[in-house]
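Have a look at it, then read on.

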Amino acid sequence: MGATAITDDQFQAEVLDADQPVLIDFWAEWCGPCKKVGPIVDELAEEVDGLKVVKMDIDKHPAAARDHGVMSIPTLLVFKGGQNVARIVGAKPKAALLSEISPHLD
Amino acid sequence: MTATTRNVVIIGSGPAGLTAATYAARANLEPLVIEGVTAGGPAGGQLTLTTDVENYPGFPEGIMGQDLITGMREQAERFGTTYVTDDVTGIDLSSRPFRITTTSGDDVHANTLILATGAKPRRLDVPGEDRLWGQGVSACATCDGFFFRDKEVVVVGGGDSAMEEATFLTKFASKVTVVHRRTELRASAIMQERAFKNDKVEFIWNATVTEVLGDGADGVTGVVLADTVSDDTTEFDTDGVFLAIGHIPNTDLVADVLETDEDGYLIVEQPATQTVVPGVFAAGDVSDHVYRQAVTAAGMGCKAAIDAERFLAANDA
């Protein structure tokens with residue numbers, strides 16, 4: 001089922017108030033590299049236990065991206081207990097994403 | 001995981017790699033394309049970072065770079081190409097089959113190898129650039145222009161890419177300043193004219209960026225410019241820096257084995273695509289710093305696939 005698309009209105013509840021670590025993928029339709037990282041993020045959603053995975057189309061929902069200093073896409077952020085604990089800028093292979101994310105899993 | 005041996009392995013997924021894949025697949029060679037994720041630039045190659053491609057034959061109204069690449073990928077897949085979405089971490093060319101390792105740790109063995117790894121955008125290599133990468137420093141206007149609505153940006157460079165980025169960025173930015181180290185542009189006449197005609201585009205000549213200013217919280221706040229004639233430095237306020245200062249061929253993993261020219265591009269036996277190692281071929285920007293077009297890369301990819309097919313017929317029959 002992959003990463004769940006969320007809106008700016010849902011950001012607080014789905015990401016900041018989540019009771020488990022959250023990976024969020026900021027993307028847009030017109031971004032070539034985003035199309036490559038999107039399917040990898042979907043795989044992480046399927047395969048990584050204890051990680052919630054969501055995505056946000058910044059064209060439709062620019063507020064959360066702006067509030068968290070996203071100035072390049074794709075950017076992946078990891079939130080834990082409402083805090084941004086990891087920032088991954090640009091597309092990276094799955095193994096590289098896993099090694100940056102896994103230290104933040106319980 | 002146990003390694004499989006493929007007739008043709010292609011590293012790279014731009015026009016060269018995907019055209020090679022289509023030709024190899026149609027020759028029933030069941031090619032494997034290691035399309036990459038980020039090493040050496042984005043999967044799909046530099047076309048995925050552009051907007052309209054207006055000079056690829058067969059598209060009279062132009063086509064979006066991403067759409068062109070997606071079409072090439074599907075075309076190759078239709079004839080039996082398989083893809084691995086991973087970066088290559090090692091290439092062993094000491095004997096055939098050649099051995100390729102990827103970030104996931106999998107080994108691939110290849111009877112022939114086509115290197116279509118392209119070239120990656122050159123960086124400035126100045127203080128502040130790494131720290132502010134993705135926080136106002138970018139090499140992809142189509143990805144990141146969106147974040148500079150009503151802001152002022154600098155584009156560094158003087159070629160077609162610089163003119164395209166500058167013109168594209170005027171859709172968002174209030175002002176775009178092109179910083180170029182000479183007084184003449186390398187860009188083609190049509191691209192120059194578009195930039196010159198655009199009221200939002202200004203030029204600073206004979207200048208290089210020697211530092212990017214700003215912090216993580218606010219992103220880029222300015223650049224330090226050095227005058228190439230007088231050596232005087234000045235601070236120039238800007239919200240973003242877009243780089244378009246040329247490319248570096250992606251030969252890191254093979255440069256110690258294969259022959260390269262003085263700029264690092266792979267040398268092939270023109271007009272064929274054979275490198276110095278029999279069974280290893282090169283196509284596209286990794287071996288061409290003269291033409292560097294999507295259509296010339298596609299042409300070289302076609303040649304590489306035919307060369308590989310003939311090599312296999314002669315050696316493995």
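## Where the chains meet

Two residues are taken to be in contact if their C-beta atoms, placed from the backbone, lie within 7 Å. Keep in mind that this is a predicted model. By that rule, 19 residues of chain A are in contact with 23 residues of chain B.

Which helices of chain A each supply at least two residues of the side that touches chain B? They are α2 (32-47) and α4 (94-101). Sorted by class, that side of chain A has 11 nonpolar, 5 polar and 3 charged residues.

## A pair of helices in chain B

Now turn to chain B, where helix α4 (residues 160-169) packs with helix α5 (residues 189-197) at an angle of about 35°. Their axes are 9 Å apart, and the crossing of α4(B) and α5(B) is left-handed.

Who makes the contact? From α4(B) come B:Asp160, B:Met163, B:Glu164, B:Ala166 and B:Thr167, while α5(B) brings B:Met191, B:Gln192, B:Arg194 and B:Ala195. Split by class, the residues of this contact are 4 nonpolar, 2 polar and 3 charged.

## Two cis peptide bonds

Each chain has a cis bond to look up. In chain A, the peptide bond from A:Ile73 to A:Pro74 is cis, with omega near 0°. To find A:Pro74, go to the loop between α3 (63-67) and β4 (75-80) of chain A.

In chain B, the bond to check runs from B:Arg96 to B:Pro97; this peptide bond is cis too, with omega near -5°. B:Pro97 sits in the loop between β6 (88-92) and β7 (98-102) of chain B.

## Two asparagines with positive phi

B:Asn28 is a residue other than glycine, yet its phi is positive, near 60°. Look for B:Asn28 in the loop between α1 (15-26) and β2 (32-34) of chain B. Is B:Asn28 buried or exposed? B:Asn28 has 10 other C-beta atoms within 10 Å, and a residue with 12 or fewer counts as exposed, so B:Asn28 is exposed.

B:Asn206 is not a glycine either, and its phi is positive at about 55°. The loop between β13 (201-204) and β14 (207-215) of chain B is where B:Asn206 is found. B:Asn206 counts as partly exposed because it has 15 C-beta neighbours inside 10 Å.

Key: Residues are numbered from 1 along each chain as its sequence is written. Chains are lettered from A and ligands numbered from 1 in the order in which they are written. This is a predicted model: local features need pLDDT of at least 70, side-chain atom pairs count only at pLDDT 80 or more; totals for chains, interfaces and linings use all residues. Helices (H or I, at least four residues) and strands (E, at least two) are DSSP runs, numbered from the N terminus. A residue is buried if 20 or more other C-beta atoms lie within 10 Å of its own, exposed if 12 or fewer, and partly exposed in between; C-beta atoms are placed from the backbone. Axes are lines fitted to C-alpha atoms, for helices over the stretch in contact, and angles run from 0 to 180 degrees between N-to-C directions. A crossing is left-handed if the near helix is turned anticlockwise from the far one by less than a right angle, and right-handed if clockwise. Ala, Val, Leu, Ile, Met, Phe, Trp, Tyr, Cys and Pro count as nonpolar, Asp, Glu, Lys and Arg as charged, and the others, Gly among them, as polar.
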